[in-house]
Amino acid sequence: MGTSVQVTPLSGAYGEGPLCYLLAVDGFRFLLDCGWTDLCDTSQLQPLAKVAPTVDAVLLSHPDMMHLGALPYAMKHLGLSAPVYATEPVFRLGLLTMYDHFLSRWQVSDFDLFTLDDVDAAFQNVVRLKYSQNYLLNDKGEGIVIAPHVAGHLLGGTVWKITKDGEDVVYAVDFNHRKERHLNGTVLGSFVRPAVLITDAYNALNNQGYRKKQDQDFIDSLIKVLATGGSVLLPVDTAGRVLELLLLLDTYWDERRLQYPIYFLTNVSTSTVDYVKSFLEWMGDQIAKSFESSRANAFLLKKFTLIINKEELEKLGDAPKVVLASMASLEVGFSHDIFVEMANEARNLVLFTEKGQFGTLARMLQVDPPPKAVKVTMSKRIPLVGDELKAYEEEQERIKKQKALKASLVKEEELKASLGSNAKASDPMVIDPSSSRKSANAGSHFGGNTDILIDGFVPPSTSVAPMFPFFENTAEWDDFGEVINPDDYMMKQEEMDNTLMLGPGDGLDGKIDDGSARLLLDSTPSKVISNEMTVQVKCSLVYMDFEGRSDGRSVKSVIAHVAPLKLILVHGSAEATEHLKMHCAKNLDLHVYAPQIEETIDVTSDLCAYKVQLSEKLMSNIISKKLGEHEIAWVDAEVGKEDEKLILLPPSSTPPPHKPVLVGDLKLSDFKQFLENKGWQVEFAGGALQCGEYIMVRKIGDSSQKGSAGSQQIVIEGPLCEDYYKIRELLYSQFYLL
C-alpha cells in the first residue's frame, strides 16, 4: 500500500468556524492550523482537547485569529506541546495579533483564558521557514518533508506541502490567485497531481468583479461620506487584510492630496507597521522592485496616523475622519467603542471589508435588512478607590501571609525530612547536649550548656563541619590571562529571539507600543464596570469584499488544473461545500470527500510504493545524464532480495530495446526565443509556432486527462525539407534523450 493518510476536521467543516484539522501521515500527526473566533468560546475546542496531547507537529498557514487564535490556550490548558512551523511573517504578525486580542479583552474584562506569558510560550519555539524550503522531520517523522509555499491572502500566508515516499499532501486554504498591491498570487497552480489536496469551499458560491471597479467603488463611498461631514469606521484585523487597505488608502490620499485625517488604531499599530516594513522580500514583485530601484518603502504610510488609544480621536470631536480599528468582529476592541459612538449619526458610515464571524455583532449588522437597534455591553477598567481599595489591599495582605505561612511549613517539613530520625548520631549540625556539656567542661570559653540551632541551613551529608558552599576556581591561565571559551559569551539565536519576546515587565520596549506596555505594567488595583445599552443604528452599513480570497470560479479552475487524486473540502457553509463537491465529482472526475467535524476519512493512496537498493554491479553499467540538480538514466534490471531488502540487479538476459524517451518540459515561448537566437524567422500563429515559411510546431494536450498532469505531445508539421530536419534537430536539443 501507499502512504497512509487520514484526515479529521476538529473545527471548520460544513461551516465557517475557525480552521483546525488533524492530518495523520503514516502515524505522524499534524495539526493543520489552530484557530479560534473572537468570541473565545471554549466549547469550540472540545474536539481539539481530545487529541492535542497526541499531536506531533503544528503547521500554521495565516497570521489571524481564525488560523492560530487557540494556540496559546491549547498549549496552556489542552496539553498541546508539539513544535510549531510557520513562515517568519506568520510568526511575527501572529504574535502581534494575539497581543492585540489579549489587550482588547483585558481592558474590558477579567480575561483569564490565557496571558501574555502564555502567548510568548506558545510562540517561543516556532520553527520559521522560508518559502519553498524543504524541511526534513526527524525521529517519528523520519522520511516526511514539509515545505511552505505562497498562498496569497495574507502576508506570509502558506500553502503547505507534506511529502512522504514521493506522495504529496497539499493543505491549501484561503488562497488567492490574484496579484494584489502587496502580495503575489498563490503558486498552488504549479503543483502537479498531488495524492491529496485539502482546500476550502468558503467562496464556492461567490464570484468577484473587476478589482479596479471594486477599488473605485470603495474610494467613492468613503469620499461621499467625508464630503457631507460624516466619518467612516472600517473594522479590520490586526495585521492581515488591513495591510492591503493601508496601501490602497495611503496611495489614493497621496495622489489626490486629500486632507481628511485617516487613522490606524490598534493596541500594536506602530509595531505592526514597523515589522511589515522589514518584510518586503515576502511581498509582491512590484514592491520589491520599487524598493530596489528607489529605496522607497511602500509602508512608510505618509498619510496615516498610527495611534494606540482614542485620545487623538476625541480631540477631533465630530470632524470628518476615517478610522481603521481592530477588531473586525466588533465584539471587543476599539472598533466596538467607536461603532457605539458613530451608530446614531445618519451621516456616518461603517464599512465592512470582510464577512463577520458567526455570532458576532459584525455578522448581525451585515444581514439584509440590517437591524435598527442592537444591544451592546459597554465595559471599562477603572482603578479601585475608597473601601474597595482598602478591601483589596486587606485581601492581598491575607493572601501574602497565607503564602508565607505555607512556605515556612513546607520549609520546616523539608528540614525535618532531611535530618531524619538518625541525624543526631551522624549530622554535625545537630549537637548532642551531653557532648556539649563535655565540651563546656573541657573549655571554659564555651560557657555552660551550649545547644546550637542553625535555621535555614542544611549541609550536605558528606560535610564534616558546618560550612557555607565553597567553589574552587579551576580556571586555566595562559600568558594573556584566564583562558575562556568564546561560545560561552555568544548569544544564541533562541536567546536573541527571547529578548524580542514580550514578558510582563521585561522586554516590552520595541515589541508592543509604549502605551500598551504602560497599561500592562500599571500595577494599580482596578476593576471592570459594565452596563448594557441599546444602540440605535442610524448610520449607513456597507459590505465590500476585500477578503483577498479566490472566488468560486477561480477555485474550480485551480482544482481542475492541479487535478489531485483525492480532494478534501473543508471550511465553508453546508450549501457552498455541497455545491463544490457536486461540481468536482461531476466535471473533474475526482474522488471528493467533505467530512463532518470529528469524522475521520482514510485517503490512503491506492498506489504501491517500495524502497529498493541499486546494486553496485548495476550502477557500474549505468550512464547517467545531468538534469538540473539531478542525474537521470534508463535502467533495465531484475528485482531480487538481499538481507530481506529489495535490490535491483543487472538483467540475466539481454533486455529488449526500448523506444527513445524525451525528458523535459518545453515552453513554446522559450523555444521561440531559442530559434530567434539561431537566426530563424519565428512567430506565433493560431496557438502554434511558425518557423520559417513552411514549418509549424504546436503543443497538443491529451483531453482525456484532467489538469496539468495529462500527457502532452509536440507536433512538427510541414513538408520533409531541409528546414524540417533542422527544426526537428533543434527541438530534440531541448530535451534529454534516454
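Predicted model: local features only at pLDDT ≥ 70, side-chain atom pairs only at ≥ 80, totals over all residues.
**First stop: the largest pocket**

Select Gln107, Val108, Asp337, Ser379 and Lys380, which lie nearest the centre of this pocket among the 41 residues that line it; the space inside comes to about 1,200 Å³. Next, show the elements that give two or more residues to its lining, namely α4 (88-106), α10 (311-316), α11 (334-342), α12 (361-365), β17 (373-383), α17 (514-521) and β20 (526-536). Of the contributions to this lining, the largest share comes from β17, with 9 residues. If you colour the lining of the largest pocket by residue class, you will find 15 nonpolar, 15 polar and 11 charged residues.

**Second stop: the second largest pocket**

Move on to Arg181, Leu247, Thr251, Glu255 and Ala298, the closest to the centre of the second largest pocket out of the 25 residues that line it, with a volume of about 690 Å³. Here too the lining draws at least three residues from each of domain 1 and domain 2. Selecting α6 (211-227), α7 (242-256) and α9 (285-294) brings up helices that each supply at least two residues of this lining, and α7 gives the most, with 7 residues. By class, the lining of the second largest pocket divides into 9 nonpolar, 6 polar and 10 charged residues.

Switch to a cartoon view and follow the open sheet of 7 strands in the order β6-β5-β4-β3-β2-β1-β24, in which the pairing is mixed. At its edges stand β6 (126-129) and β24 (601-602), each of which has a single partner strand, so that one side of each is left without a neighbour in the sheet. At the β24 end, 2 bridges join this strand to β1 (residues 5-11), and the two run antiparallel; select Gln6 to find its bridge partner, Asp602, in β24.

**Last stop: a hairpin**

Finally, select strands β31 (residues 682-685) and β32 (residues 688-691), which run antiparallel and are joined by 4 bridges. Phe684 stands opposite Leu689 in β32, while in the 2 residues between the strands of this hairpin you can look for Gly686, which takes a positive phi near 60°.

Key:
Residues numbered from 1 in each chain as written. Heavy atoms only, no water. 1 Å grid on protein atoms, 1.4 Å probe; cavity = no way out; pocket = protein on both sides within 12 Å on 5 of 7 lines; lining within 4 Å. Points joined across faces, edges and corners; volume = space filled by probe spheres on them. Nonpolar A, V, L, I, M, F, W, Y, C, P; charged D, E, K, R; others polar. Domains from an automatic or database assignment. Pairing = 2+ DSSP bridges.
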